[in-house]
Amino acid sequence: AAGAMVDNKRERPDNAASLRLYYHPEIPGRGEFVRLVLEEAGLDYVDVGRVEGGDVVRARCAAFKSEEAGAPALRPFAPPFLELEDGTLISQTASCVMYVGEISGLVPSDPAKRAVVNALVLTVADISAEVHDTHHPLKVSLYYEDQKDAAKLRAAEFVGLRLPKQLKYLDETLRAGGGDFMCGASLTVADVVVMHLLNGLEHAFPRGYKKATAATHALVALAKRIRERPRIKAYLESDRCKPFNENGLFRKYPELDIAEDP
């Protein structure tokens, strides 16, 4: 049945309580997708940047770039990444999210159904990349102020064309599943990352978001339900949750919030 997609009961491994998340402490950024899944899963973890300091994260990343320092062959390109108790490193936001889901029962055990969840997580990652390109359309190495004209063009296309199509797709996927969640009757990591995506979009493009979600009532309702889940709600209201800012992924530049079609 469509509404019974996920069988998410499984035993947690011993190293679930020894996860270390490496990400920039000053911003939510892409690391927030991983943090929120960890919070919903109820796993013990160390947010290294926020507990031990950003210098620890930067030093670890610098060590990966030095062969003389004995950097492992399979190492992250950039944060976020997870470190397991045995030293295994898992990088890329989507991979981190899926790993946490697998050890906590927030993804299906069936490979095909797990791939469906992964596809949604990757779709959110794709949309997030487009969001980033609205304020950095030319070069990551340039400041936003150095590429504002190009940013306005990119944002006009994203807010006017891409965003409505993307949210319509997510809304249709949710309703087609036949349940209360993105993949049917059970919560998965896909629901958590979709919720954070909508939070970020509403912050960065409030006018465009309002227009794009005018007909996606099921999707908006889902995000609201996920925000109210006890562990998510507690985290969002805590001092550990940092607000969106203009150094992160979802940046609020009013001149980029173009609700009309370009």
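How do the residues of the lining of the largest pocket divide into nonpolar, polar and charged?

Modeller: The lining has 25 nonpolar residues, eleven polar and six charged. Here Ala, Val, Leu, Ile, Met, Phe, Trp, Tyr, Cys and Pro count as nonpolar, Asp, Glu, Lys and Arg as charged, and the others, Gly among them, as polar.

First, the ground rules. This is a predicted model: local features need pLDDT of at least 70, side-chain atom pairs count only at pLDDT 80 or more, and totals for chains, interfaces and linings use all residues. Residues are numbered from 1 along each chain as its sequence is written, and side-chain values use heavy atoms, with hydrogens and water left out.

Now the pocket. A pocket is an open set of points on a 1 Å grid over the protein atoms alone, where a 1.4 Å probe fits, with protein on both sides within 12 Å along at least five of seven lines. Lining residues have an atom within 4 Å of a point. The volume of the largest pocket is about 1,100 Å³, taken as the space filled by probe spheres set on the points, which are joined across faces, edges and corners. It has 42 lining residues, and Tyr23, His24, Arg30, Ala78 and Pro79 are the closest to its centre. Two or more lining residues come from each of α3 (54-64), α4 (93-104) and α5. Helices are DSSP runs (H or I, at least four residues), numbered from the N terminus. The largest share, eight residues, belongs to α5.

The buried residues of α6 pack against α5 (111-135), α7, α8 (206-212) and α9 (217-227). Buried means under 20% relative accessible area, with a 1.4 Å probe and protein chains only. Among those buried in α6 are Phe158, Leu163, Gln166 and Asp171. Helix α6 covers residues 148-176 and has 29 residues.

What comes next along the chain? Just after α6, Gly178 takes a positive phi of about 80 degrees. Ser186 lies in the loop between α6 and α7. Ser186 is buried, at 19% relative accessible area.

Last, α7. It spans residues 189-204 and holds His196. His196 is buried too, at 4%. Its contacts (heavy atoms within 4.5 Å) include Gly29, Phe33 and Phe250.

Conventions
Buried means under 20% relative accessible area, exposed over 50%, partly exposed in between (1.4 Å probe, protein chains only). The expected span of a helix is 1.5 Å times one less than its number of residues. Lists of a residue's contacts leave out its neighbours within four places in sequence.
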